[in-house]
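This briefing looks at how aromatic side chains pair and at what lines one of the pockets. The model discussed here is a predicted one.

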Amino acid sequence: MLTFHNVCLVPSSFQLTGIPGLESLHIWLSIPFGSMYLVAVVGNITILAVVRVERSLHQPMYFFLCMLAIIDLVLSTSTMPKLLGIFWFGAGDIGLDACLAQMFLIHCFATVESGIFLAMAFDRYVAICDPLHHTTVLTHTMVGSLGLAALLRGILYIGPLPLMIRLRLPFYKARVISHSYCEHMAVVTLACGDSRINNVYGLSIGFLVLILDSMAIAASYVMIFRAVMGLATPEARLKTLGTCGSHICAILIFYVPIAVSSLIHRFGHQVPPPIHTLLANFYLLIPPILNPIVYAVRTKQIRERFLQVLKIETKIR
């Protein structure tokens with residue numbers, strides 16, 4: 001590690017603090033965080049296995065659900081093992097390249113997840129507003145293309161973030177990051193150089209993803225509700241809306257924590273640092289935990305297959 005004018009550093013690695021201000025409770029915090037990570041991994045792997053085995057679930061909505069499960073596994077696994085290492089062993093040291101790679105994975109796949117929710121809203125719109133053409137529009141090829149487009153958009157949007165840090169901000173005031181993972185703003189705040197371009201780009205991407213995607217999803221549901229209100233009977237309306245229930249729950253689970261965390265990070269200057277960090281971790285853990293539960297509870301085929309697996313394991317024992 002080189003020093004520059006006795007003030008700025010050229011670090012080869014950073015030191016993550018975990019949950020700043022709660023270091024004495026790290027060993028206890030590892031219990032709920034470790035349990036939540038385990039639930040997230042088991043739940044999402046179960047979703048992938050059930051959809052693969054159950055041929056009746058080989059439909060666009062459940063293919064998108066599998067994409068969400070993979071994304072949630074990447075998001076939780078990119079942060080939780082390192083966080084648990086900090087809690088258990090104080091292993092907060094992370095190399096510069098590893099830090100930038102973690103930053104890319106977190107922000108990229110959060111962007112991809114938003115794109116998948118947008119694709120799922122399109123699927124629900126076609127299924128309800130134009131049901132006769134649903135199977136011809138949402139083919140397996142189209143579903144794969146939408147998933148690939150969401151992935152490429154995430155790479156295109158987020159790829160410049162670590163590159164700009166690597167190329168434009170080589171000097172830092174300190175190597176200690178008061179966070180549990182390499183979040184973009186937490187790293188940029190330590191930079192000695194002019195970080196305005198990084199800040200503006202990060203805010204612009206946040207606007208494009210959070211605001212525009214949520215507006216597009218809301219617009220699709222306005223059209224869906226208009227179509228549903230045109231149905232003849234209340235029973236038909238409830239049944240049709242029921243097919244959207246899981247998707248609406250998953251959207252709220254994803255967007256609400258991100259919106260709250262972003263608002264507090266930007267404007268909640270009086271909020272204690274531990275709250276900032278805990279919220280940032282929760283928005284990476286809550287969707288991976290709750291998405292499988294929501295879809296398992298609301299989807300008959302997933303629920304029945306899961307109960308069938310439990311019965312088989314019980315008989316074996």
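How many nonpolar, polar and charged residues does the lining of the second largest pocket have? By class, four of its lining residues are nonpolar, seven are polar and three are charged.

**The second largest pocket**
- The second largest pocket of this predicted model has a volume of about 260 Å³, and among the 14 residues that line it, Gln 59, Met 61, Tyr 62, Arg 124 and Thr 243 are the closest to its centre.
- Two or more lining residues of the second largest pocket come from each of helix H2 (60-77), H10, helix H11 (273-298) and helix H12 (300-316).

**Aromatic pairs**
- Eight aromatic pairs are found when the whole structure is searched.
- In one of them, the ring centres of Phe 117 and Phe 254 are 5.3 Å apart and the planes stand at 45 degrees, so this pair is tilted.
- Because Phe 117 belongs to helix H4 (residues 96-129) and Phe 254 to helix H10 (residues 234-267), the pair ties together parts that lie 137 residues apart in sequence.
- Phe 254 also pairs with Tyr 255, where the ring centres are 5.0 Å apart and the planes are at 80 degrees, so that pair is edge-to-face.
- A cluster is formed by Phe 33, Phe 87 and Phe 282, which are linked by ring pairs.

- Phe 117 and Phe 254 are both buried, and the relative accessible area of Phe 254 is 4%.
- Tyr 255, with a relative accessibility of 7%, also counts as buried.

Conventions:
Residues numbered from 1 in each chain as written. Predicted model: local features only at pLDDT ≥ 70, side-chain atom pairs only at ≥ 80, totals over all residues. Heavy atoms only, no water. Phe/Tyr/Trp six-rings, centres within 6.5 Å; stacked < 30°, edge-to-face > 60°. Helix = DSSP H or I, 4+ residues; strand = E, 2+ residues; numbered from the N terminus. Buried < 20%, exposed > 50% of the residue type's maximum accessible area, 1.4 Å probe, protein only. 1 Å grid on protein atoms, 1.4 Å probe; cavity = no way out; pocket = protein on both sides within 12 Å on 5 of 7 lines; lining within 4 Å. Points joined across faces, edges and corners; volume = space filled by probe spheres on them. Nonpolar A, V, L, I, M, F, W, Y, C, P; charged D, E, K, R; others polar.
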